[in-house]
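User: Hello! I have just opened this entry and would like a friendly tour. Could you walk me through it?

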Amino acid sequence: FIERACNSYYETREALATKDATIAELLRALEEIAVHEPGPRNSGNLNDLIAVAAVSVARAALERKP
């Protein structure tokens with residue numbers, strides 16, 4: 001068990017780094033959509049609310065520590 005855990009340490013670190021990079025890339029894309037999507041901000045429009053919620057979820061995922 002200990003040997004397997006030690007051997008998987010670097011794979012786990014790499015997987016977490018990849019996950020964080022992917023989330024950061026998605027966050028940039030979501031922010032771009034939220035800024036450039038037609039429609040006034042804070043309009044109560046469902047698409048606006050979804051974009052804002054998606055950005056919030058992505059930010060929280062990046063800030064969360066394992």
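User: How many helices and strands does the secondary structure of the protein chain come to?

Analyst: Happy to start there, with the note that this is a predicted model. The helices are α1, covering 2-36, and α2, covering 46-63. The overall tally for the protein chain is two helices and zero strands.

User: What percentage of the residues of the protein chain count as buried?

Analyst: A residue counts as buried when its relative accessible area is under 20%. The protein chain has 66 residues. It exposes about 5500 Å², with carbon and sulfur atoms supplying 61% of that area. The share of residues that count as buried is 14%.

User: Which element gives the largest share of the largest nonpolar core?

Analyst: Let's look at the members: this core has five residues, namely Ile-23, Leu-27, Val-55, Ala-58 and Ala-61. Both α1 (2-36) and α2 (46-63) give two or more residues to the core. The largest share is three residues, and the element that supplies them is α2.

User: Which residues does Ala-61 touch, leaving out those up to four places away in sequence?

Analyst: Ala-61 is one of the residues of the largest nonpolar core, and Ile-23 is another member. Once residues up to four places away in sequence are set aside, Ala-61 touches Lys-19 and Ile-23.

User: Lys-19 forms a salt bridge with Asp-20; how far apart are the closest N and O atoms?

Analyst: A search of the whole structure finds one salt bridge. Lys-19 has 35% relative accessibility, so this residue counts as partly exposed. Asp-20, at 31%, also counts as partly exposed. The closest N and O atoms of the pair are apart by 2.6 Å.

User: Are the rings of Tyr-9 and Tyr-10 stacked or edge-to-face, and why?

Analyst: A search of the whole structure finds one aromatic pair. The ring centres of Tyr-9 and Tyr-10 are 4.9 Å apart, and their planes stand at 80°. Planes over 60 degrees apart fall in the edge-to-face class. Therefore the pair of Tyr-9 and Tyr-10 is edge-to-face.

User: Which residue's backbone oxygen does the side chain of Ser-8 reach?

Analyst: Ser-8 lies in helix α1. At 26% relative accessibility, Ser-8 counts as partly exposed. At 3.1 Å, the side chain of Ser-8 reaches the backbone oxygen of Ala-5.

Terms used
Residues are numbered from 1 along each chain as its sequence is written. This is a predicted model: local features need pLDDT of at least 70, side-chain atom pairs count only at pLDDT 80 or more; totals for chains, interfaces and linings use all residues. Side-chain values use heavy atoms; hydrogens and water are left out. A nonpolar core is a set of buried Ala, Val, Leu, Ile, Met, Phe, Trp, Tyr and Cys residues joined through side-chain atoms within 4.5 Å. Buried means under 20% relative accessible area, exposed over 50%, partly exposed in between (1.4 Å probe, protein chains only). Helices (H or I, at least four residues) and strands (E, at least two) are DSSP runs, numbered from the N terminus. Contact means heavy atoms within 4.5 Å. A salt bridge is a side-chain nitrogen of Lys or Arg within 4 Å of a carboxyl oxygen of Asp or Glu. Rings of Phe, Tyr and Trp (its six-membered ring) pair if their centres lie within 6.5 Å; planes under 30 degrees apart count as stacked, over 60 as edge-to-face and the rest as tilted. Accessible areas come from the Shrake-Rupley method with a 1.4 Å probe; for residues, only the protein chains shown count as cover. A polar contact is a pair of N or O atoms within 3.5 Å; within protein, one must be able to donate a hydrogen and the other to accept it, and residues adjacent in sequence count only if both atoms are side-chain atoms.
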